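Please look at the structure before reading on.

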Amino acid sequence: MKKILVTRKLLQSNEDRLKNLYDVRLNSNDELYSEKKLIDMSEGCDGILSALTDNLDAKTINNLPESIKILSNFAVGFGNIDLDAAKKRNIIVTNTPDVLTDATAEIGILLILGACRRASEGIESARASNWKWSADYLIGKQLTGTRLGILGMGRIGKKIAKIAKSLGMIIHYHNRSQLSTEKEYDATYHKDLKSLLSISDVLSICCPASKETSNMINKETLEFLPRGAVITNVARGDIVDDEALIDALNRRKVYAVGLDVYKGEPNLNPGYLKHKSAFILPHLGSATKETRTAMANLAIDNLEEFFKSGKCKNKVN
Ligand code: GLV
């Protein structure tokens with residue numbers, strides 16, 4: 001029987017399945033393992049079912065026991081894992097695409113609505129009962145007729161585009177390559193970032209974190225946006241230079257932000273906390289029972305496929 005380390009607590013049905021399949025080391029207290037503890041705990045294991053909160057950098061990967069052959073990441077993103085270091089050690093890395101597209105796109109839309117319609121200020125006032133209706137009270141930005149720029153038209157970007165279109169938004173996107181006409185659903189393609197930003201009344205960041213996208217939204221690129229643009233991020237905090245974005249909010253170059261992901265989670269730049277126009281969520285993208293169950297099942301399927309065939313269709317390195 002294969003031995004598996006599961007670094008975070010999963011939903012009960014997923015842990016039951018793991019117990020049936022493997023000699024499994026679960027984390028019943030859901031403790032956040034340090035790098036050293038993760039290495040120690042994986043002694044004698046054949047694989048690790050890891051989470052986005054595990055920092056599997058080159059140093060950690062190089063210190064993993066020889067027996068580890070697979071890192072099955074419980075996430076679609078894999079920015080927490082040094083893919084090259086894993087490859088050099090002959091460890092395959094897998095992810096959980098598709099199953100979280102809908103849930104994450106829902107949060108992407110919530111960010112757009114929350115930022116545009118001043119939900120943070122509204123919630124605060126309603127809770128404090130210190131509001132009164134008036135014709136100009138908490139006037140926000142209507143989505144109908146507003147141009148939405150999607151940065152990264154992958155599965156999540158496409159689903160956000162579909163919902164946003166039904167809300168009357170006009171969809172533009174930038175991607176490494178243009179989609180075929182039938183997959184574009186009338187969205188307008190922009191070959192470069194500058195061109196997309198220059199028409200984005202609202203920007204939805206949906207691209208993966210990578211060396212190329214790190215701090216892609218920064219002091220210079222923010223200037224391409226129309227004055228009073230709204231920026232939302234459902235992808236990864238690494239794509240945004242926080243200081244530059246907070247400065248743009250301070251200068252009112254940016255009207256509002258809607259954020260679900262941050263650099264250095266769970267801590268976020270305190271600059272965002274001061275802003276009424278920051279609609280902020282604690283990385284809830286895939287947080288529904290159906291989606292988290294499906295993600296963990298896919299992470300287990302990935303282990304199964306690899307142990308049976310030595311391959312895995314969701315391999316990312
Ligand atoms: C969530 O952020 C994921 O990458 O699965």
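The expected span of a helix is 1.5 Å times one less than its number of residues. The model shown here is predicted. In it, helix H13 covers residues 289–309, which is 21 residues. From its first C-alpha to its last, H13 reaches 30 Å, close to the 30 Å expected.

The buried residues of H13 are Thr291, Thr293, Met295, Ala296, Leu298, Ala299, Ile300, Asn302, Leu303, Glu304 and Phe306. An α-helix has 3.6 residues a turn, so residues three or four places apart point the same way. What do the buried residues of H13 pack against? Their partners are strands E1 (3–6), E3 (47–50) and E4 (70–73), together with E5, and helices H1 (12–21) and H5. Just after H13, Gly310 has a positive phi of about 80°.

**The ligand**

Met295, buried in H13, is also one of the residues around the ligand. By type, the shell divides into five nonpolar residues, two polar and one charged.

| Residue | Part of the residue | Distance to a ligand oxygen |
|---|---|---|
| Val76 | polar backbone atom | 2.8 Å |
| Arg236 | polar side-chain atom | 2.6 Å |
| His283 | N or O atom in the side chain | 2.7 Å |

Taken alone, the ligand exposes 190 Å², and the protein buries 91% of that.

**Two loop residues**

Thr96 sits in the loop between strand E5 (92–94) and helix H5 (101–116). Is Thr96 buried or exposed? Thr96 counts as buried because its relative accessible area is 0%, and buried means under 20%. Its side chain reaches the backbone nitrogen of Val76 at 3.5 Å. Leaving aside neighbours within four places in sequence, Thr96 is in contact with Asn73, Phe74, Ala75, Val76, Met295, Leu298 and Ala299.

Leu268 belongs to another loop, the one between strand E11 (254–259) and helix H12 (270–273). Its relative accessibility is 26%, so Leu268 is partly exposed. Gly237 is 31 residues from Leu268 along the chain, and their C-alpha atoms are separated by 9.3 Å.

Note on methods. Residues are numbered from 1 along each chain as its sequence is written. This is a predicted model: local features need pLDDT of at least 70, side-chain atom pairs count only at pLDDT 80 or more; totals for chains, interfaces and linings use all residues. Side-chain values use heavy atoms; hydrogens and water are left out. A residue is near a molecule or strand if one of its heavy atoms lies within 4 Å of it. A polar contact is a pair of N or O atoms within 3.5 Å; within protein, one must be able to donate a hydrogen and the other to accept it, and residues adjacent in sequence count only if both atoms are side-chain atoms. Accessible areas come from the Shrake-Rupley method with a 1.4 Å probe; for residues, only the protein chains shown count as cover. Ala, Val, Leu, Ile, Met, Phe, Trp, Tyr, Cys and Pro count as nonpolar, Asp, Glu, Lys and Arg as charged, and the others, Gly among them, as polar. Helices (H or I, at least four residues) and strands (E, at least two) are DSSP runs, numbered from the N terminus. Buried means under 20% relative accessible area, exposed over 50%, partly exposed in between (1.4 Å probe, protein chains only). Contact means heavy atoms within 4.5 Å.
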